[in-house]
Amino acid sequence: MLNLKKRDWFFLLAGTALMAIGAEGFFEHADLVAGGITGIGIMLDEWTSMRFGVHIPLWFVNLAGNLPLFLIAWKLKGKDFVSRSILTAVLFSAMLYVEEVFPLYSSDPLLAAVFGGTALGIGLGLVLSVDSTTGGVELAATLLHLKFRSVSVPRFIFILDAAVILAGMIFFGVEMGLYAIIAVFVTDQFIEWVVEGPSYARGAWIISEKSEEITQALLSELRRGVTAFPATGKYTGQGREVLFCVFSQKEVHSVKSIIMNIDKNAFFLVTDIREVLGKGFADK
C-alpha cells in the first residue's frame, strides 16, 4: 500500500502538472523532441497526423508506453518498487489530458525550449524529491541495467534519451534537434536546483603562516567553525596547519577578503559542496 503524506500528494500533483505544461504546452507544439516517452509521442503524433490525419495525444502515448515497462518491473522487482511510479505516471497522463484544453505556445522554439525545460525540470524535481518517477526512460534504464550490469543506469538513460533526440533531429531537422538539446540542458539544471536546493555550500582549504589569525577572524566575523589539520609541505619539508571551513554561497567574497587582508601570500582553494548535514552548519 502507498503511504503518502499530504506533502507527497502536493508535490506529485504540482510536479506532474508542471511537467505536463512543459511537455504538452511547449515541447509538443514547438516540435521539440527532448528525449523520453513524450519525445516519442511527439514524433508519433506528427507522423500519424501527416500520414493518416489522426491525432494521438501525449497522455495516451505515456500510458501505453509505460504499461509494458511497469508489468516487467512488477514481475522483476515487485509491487513496492513500481506502485508509486504507477500512480505518478497516471497523474502525469491525466495532467497531459487536461493541458490539451489550455492555450499552447509554439511561436519561438528557443522560448519553448527555455520555458518548457524550466517547467519540466521543476516538475520532475518535485516528483523525484518524494522518491517517485514517471516511469519512461528512467524505468527502462533500470530494467536494462538488471540485464546488463556492466552499464550503469545513468549511462542507459543518456543512451536512450540521445537515441530519441537523434530520431527527432532526423524527423524535424537538425535545427529543432539543437533546440531540443537546449531544452534538455535547462531541464537538467532545474531538476538539480529543486532536488539539491537553489545554492550550494562552499568549502575552503587554506594554507597560511598566519593560520591562527585567519581562524580567529573566520570565527569572530562570520561565526563559522574552522578545522585545522596537521600537514607537511613535501617541497620544503616544513610542518604547518591546513585549515578547512564550510560557509554559504553568499559568504564567498567575505571569506576571500578575510584571508587576503591577513595574508596576501596565503594559498587557498574554494570548492562546491552539494550538501551539508549535521549540527554546526546553518546557511545564514
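Which side chain meets that of Asp8 in a salt bridge? In this predicted model, the partner is Arg7, and the N to O distance for the pair is 3.8 Å.

Side chains of opposite charge can pair when their charged atoms come close. The structure holds 3 salt bridges, and the other pairs are described next.

Asp272 and Arg202 are joined through their side chains in a salt bridge, with 2.7 Å from N to O. Here the chain is brought together from distant parts, since Asp272 lies in strand 4 (residues 267–273) and Arg202 in strand 1 (residues 201–207), 70 residues apart. Asp272 is partly exposed, at a relative accessible area of 43%. Arg202, by comparison, has a value of 19%; buried means under 20%, so Arg202 falls in that class.

A further salt bridge connects the side chains of Arg224 and Glu251, at 3.0 Å from N to O. Loops provide both partners: Arg224 is found between helix 9 (211–222) and strand 2 (226–232), and Glu251 between strand 3 (239–247) and helix 10 (252–262). The pair links distant parts of the chain, 27 residues apart. Both partners are buried, Arg224 with a relative accessible area of 4% and Glu251 with 7%.

The largest nonpolar core has 32 residues, and the members that touch the most others are Leu12, Phe27 and Leu32. Several helices each supply at least two residues of this core, namely helix 1 (6–27), helix 2 (36–52), helix 4 (79–99), helix 5 (109–129), helix 7 (153–172) and helix 8 (174–196). The greatest share comes from helix 1, which gives 7 residues.

Once its neighbours within four places in sequence are set aside, Leu12 is in contact with Leu4, Leu87, Thr88, Leu91, Val127, Val130 and Ser132.

How values were computed. Residues are numbered from 1 along each chain as its sequence is written. This is a predicted model: local features need pLDDT of at least 70, side-chain atom pairs count only at pLDDT 80 or more; totals for chains, interfaces and linings use all residues. Side-chain values use heavy atoms; hydrogens and water are left out. A salt bridge is a side-chain nitrogen of Lys or Arg within 4 Å of a carboxyl oxygen of Asp or Glu. Helices (H or I, at least four residues) and strands (E, at least two) are DSSP runs, numbered from the N terminus. Buried means under 20% relative accessible area, exposed over 50%, partly exposed in between (1.4 Å probe, protein chains only). A nonpolar core is a set of buried Ala, Val, Leu, Ile, Met, Phe, Trp, Tyr and Cys residues joined through side-chain atoms within 4.5 Å. Contact means heavy atoms within 4.5 Å.
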